[in-house]
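Today I opened my notebook to look up aromatic rings and how they pair. Here is the model I had on screen.

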Amino acid sequence: MAEGFIAMVNDKALVSGFGPIEMVVLQGTSYCNLNCSYCYLSEESRRHSATMTLETIQRAFEEVTSSPFTGSRLRVSWHSGEPLVLKPDYYRAAIETVLNVRDGSPRPDLVIDFDFQTNATLINAAWIEFFKEYEGLVTLGVSCDGPAELHDRHRKNWSGRSSHAATERGMQALSEAGIPFDVTAVISPDGLDEPELFLAYFEPFVPFIREFHFNLHDELFIDTRDRAGASSYVMRYKAFLSRLLDLIASGNYKTPKIRNFASFYNRLFVPAAERPSYDARSMSAPFKTVSIEMNGDLTTFYAGLTLDECGDQKNLYGDGRGLVIGNILESSLSEMAGSEKLKLMMHDFETSHSACESSCDYFDVCSGGYNLIKLRRHGTFGATETPECLVHVKAFADAVLEHMSGSLQAAG
């Protein structure tokens with residue numbers, strides 16, 4: 001199968017089964033000024049102050065803009081570390097580098113925009129000036145877990161002090177400057193009982209929030225064999241979702257667009273030919289997202305995936321490189337696409353998808369992302385349900401559908 005996918009590489013045509021590349025995640029630095037308890041990067045990485053060079057950025061986009069995998073539009077996102085620890089001038093030079101490469105490439109028509117995912121604690125007058133300067137070209141997302149009593153339980157600095165006040169100052173500065181931003185909130189187990197706190201806290205920022213997205217921990221702290229623990233988490237999450245939807249429907253809160261619900265409704269009601277591809281296979285398609293670490297190491301399948309995140313799976317393919325498929329300073333994207341390692345990885349991911357598709361009634365509403373979690377929990381890509389699937393996918397779908405059914409009955 002992989003051989004057929006790469007048959008057109010040398011013809012510079014968009015290759016079936018790969019991409020098109022929609023996002024390039026750049027790790028400008030892995031350093032972070034916070035020490036969040038749930039961060040997937042190791043402490044060693046988050047203390048490492050190295051910076052991706054402009055030469056690496058130039059080489060990466062020489063490859064991207066000349067590759068057969070690039071479509072008509074591309075988002076460049078700085079992530080996997082706190083990007084604002086670097087100065088605005090670094091990003092001015094980086095953006096100029098990317099755009100200059102694009103303008104001199106075979107794809108000068110490629111539409112590129114830029115994005116930052118930040119904890120907002122370092123936003124000051126210089127950053128406000130930067131975001132104003134690049135208005136329409138640069139967007140940003142802020143990580144904030146709600147009010148201080150929730151946020152500060154898990155998002156502390158390296159001295160163990162709270163970070164909420166600094167994050168809130170950053171959001172206020174953006175709001176006062178009229179700069180819109182997205183918000184991502186991680187709802188820890190202790191926050192599942194507090195949907196009112198979330199809505200009330202973010203309400204003053206709603207005019208400036210473009211989109212809101214909430215997450216649970218990527219990997220839940222539940223033993224696979226602990227059915228009672230998983231069932232308890234499911235019930236608490238469903239209660240949180242039901243209450244959240246009731247509060248939104250009440251009209252008593254100003255609420256932003258919540259991506260979790262919007263994406264689910266799109267899957268249900270928008271014709272397949274007209275909606276974005278949110279299914280598990282599409283979301284982890286090779287070269288849909290490309291992530292590049294500081295040293296040029298490249299991964300795909302998941303946005304922001306790093307060698308550091310692979311943990312005990314670093315030797316999964318016998319090379320100690322985890323899911324890294326090559327280095328952009330040493331190999332072309334076409335060479336990586338034709339590599340034996342990527343073929344093996346694609347086979348493993350398809351094994352994972354096929355196992356779920358054949359056994360799970362929720363497969364059509366699952367956006368995926370659990371392939372490596374299944375491997376960690378069960379030791380095989382061919383495994384199926386994990387506590388994460390049970391909570392993130394099944395409980396979410398059940399809660400939203402039950403709420404919709406109840407609303408329709410009440411209205412009719």
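I am working from a predicted model, where local features need pLDDT of at least 70, side-chain atom pairs count only at pLDDT 80 or more, and totals for chains, interfaces and linings use all residues. Residues are numbered from 1 along each chain as its sequence is written, and side-chain values use heavy atoms, with hydrogens and water left out.

Entry one, the count. I found 28 aromatic pairs in the structure (rings of Phe, Tyr and Trp, the last by its six-membered ring, with centres within 6.5 Å; planes under 30 degrees apart are stacked, over 60 edge-to-face, the rest tilted).

Entry two, Y91 and W127. Their ring centres are 5.9 Å apart and the planes stand at 55 degrees, so I noted the pair as tilted. It links distant parts of the chain, 36 residues apart: Y91 lies in helix α4 (residues 88–103) and W127 in helix α5 (residues 125–133). Helices here are DSSP runs of H or I with at least four residues, strands runs of E with at least two, numbered from the N terminus. Y91 is buried at 0% relative accessible area, and W127 is buried at 3% (buried is under 20%, exposed over 50%, partly exposed in between, with a 1.4 Å probe and protein chains only).

Ring pairs join W78, Y90, Y91, F114, F116, W127, F130, F131 and Y134.

I saw the charged end of R47 over the ring of W158, 3.9 Å from its centre (the criterion is NZ of Lys or CZ of Arg within 6 Å of the ring centre and within 35 degrees of the ring normal).
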